[in-house]
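Here's a quick briefing to read with the structure open beside you.

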Amino acid sequence: MSSILWQMLTAAVFFGFSTAFAASETALVSLSRPRLKKLISQRPGLAHAFTQWLAAPQYLLTTILIGSTLSNVISTLLVTNVAIISWPNVR
């Protein structure tokens, strides 16, 4: 496969990561405390993770935002590089 195709496939993967990070951020931020406590009581296996989320949500949100930003930057770099290679005479 050519270099351009690999870069486009890699950019698509990172775009997928960005989508997943955005969806998880939206899902976690939209949970209300009563709904979260109900989920803790219904799913004891996830109780530890949800309890940590309730105690300090900023850590998980920071991780999600860093992942999202890195995914966006990497996919933008790859697509820009493909554009520069594909159209070298455009300035």
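Predicted model: local features only at pLDDT ≥ 70, side-chain atom pairs only at ≥ 80, totals over all residues.

**Around Leu61**
- Leu61 comes out at 22% relative accessibility, so it counts as partly exposed, the cut-off for buried being under 20%.
- Leu61 and Leu28 sit 33 residues apart along the chain, and their C-alpha atoms are separated by 8.5 Å.
- Leu28 itself is one of the buried residues of H1.

**Helix H4**
- How far apart are the end C-alpha atoms of H4? They are 43 Å apart, which agrees with the 44 Å that its 30 residues should span at 1.5 Å a residue.
- The buried residues here are Ile64, Gly67, Ser68, Ser71, Ser75, Leu78 and Val82.
- H1 is included in what covers those buried residues of H4.

- Ser71 belongs to helix H4, and it counts as buried because its relative accessibility is 4%.
- Which residues does Ser71 contact once its neighbours within four places in sequence are left aside? They are Phe14, Phe17, Ser18 and Phe21.
- Setting aside residues up to four places away in sequence, Ser68 touches Ser18 and Phe21.
- Ser18, then, turns up in the contacts of Ser71 and in those of Ser68, and Ser18 is itself among the buried residues of H1.

**Helix H1**
- H1 covers residues 3-30, which makes 28 residues.
- From first C-alpha to last, H1 reaches 41 Å, close to the 40 Å expected at 1.5 Å a residue.
- On the buried side of the tally, H1 has Gln7, Ala11, Ser18 and Leu28.
- What do the buried residues of H1 pack against? Their partners are helix H3 (47-55) and helix H4 (57-86).

**A nonpolar patch on the surface**
- Leu5, Trp6 and Leu9 form a nonpolar patch on the surface, and together they have about 290 Å² of accessible area.
- Trp6 has its place in helix H1.
- Is Trp6 buried or partly exposed? At 48% relative accessibility it counts as partly exposed, because exposed would take over 50%.

**Ser30, in H1**
- Ser30 lies in helix H1, and its 58% relative accessibility means that it counts as exposed.
- The side chain of Ser30 reaches back to the backbone oxygen of Ala27, at 3.1 Å.
- Ser30 and Thr63 are 33 residues apart along the chain, with 17 Å separating their C-alpha atoms.

**Ser2, before H1**
- Ser2 is in the segment before H1, and at 41% relative accessibility it counts as partly exposed.
- Between the C-alpha atoms of Ser2 and Leu39 there are 48 Å, and the two residues are 37 apart along the chain.

**To take away**
- H1 and H4 are paired from either side: the buried residues of H1 pack against H4 as well as H3, and H1 is part of what covers the buried residues of H4.

Technical notes: Residues numbered from 1 in each chain as written. Heavy atoms only, no water. Helix = DSSP H or I, 4+ residues; strand = E, 2+ residues; numbered from the N terminus. Expected span 1.5 Å × (residues − 1). Buried < 20%, exposed > 50% of the residue type's maximum accessible area, 1.4 Å probe, protein only. Contact = heavy atoms within 4.5 Å. Patch = residues over 30% accessible without salt bridge, like charges linked within 9 Å, V, L, I, M, F, W, Y side chains within 5 Å. Areas by Shrake-Rupley, 256 points an atom, 1.4 Å probe, with all protein chains shown as cover. Salt bridge = Lys/Arg side-chain N within 4 Å of Asp/Glu carboxyl O. Polar contact = N/O pair within 3.5 Å; in protein donor to acceptor, adjacent residues only side chain to side chain.
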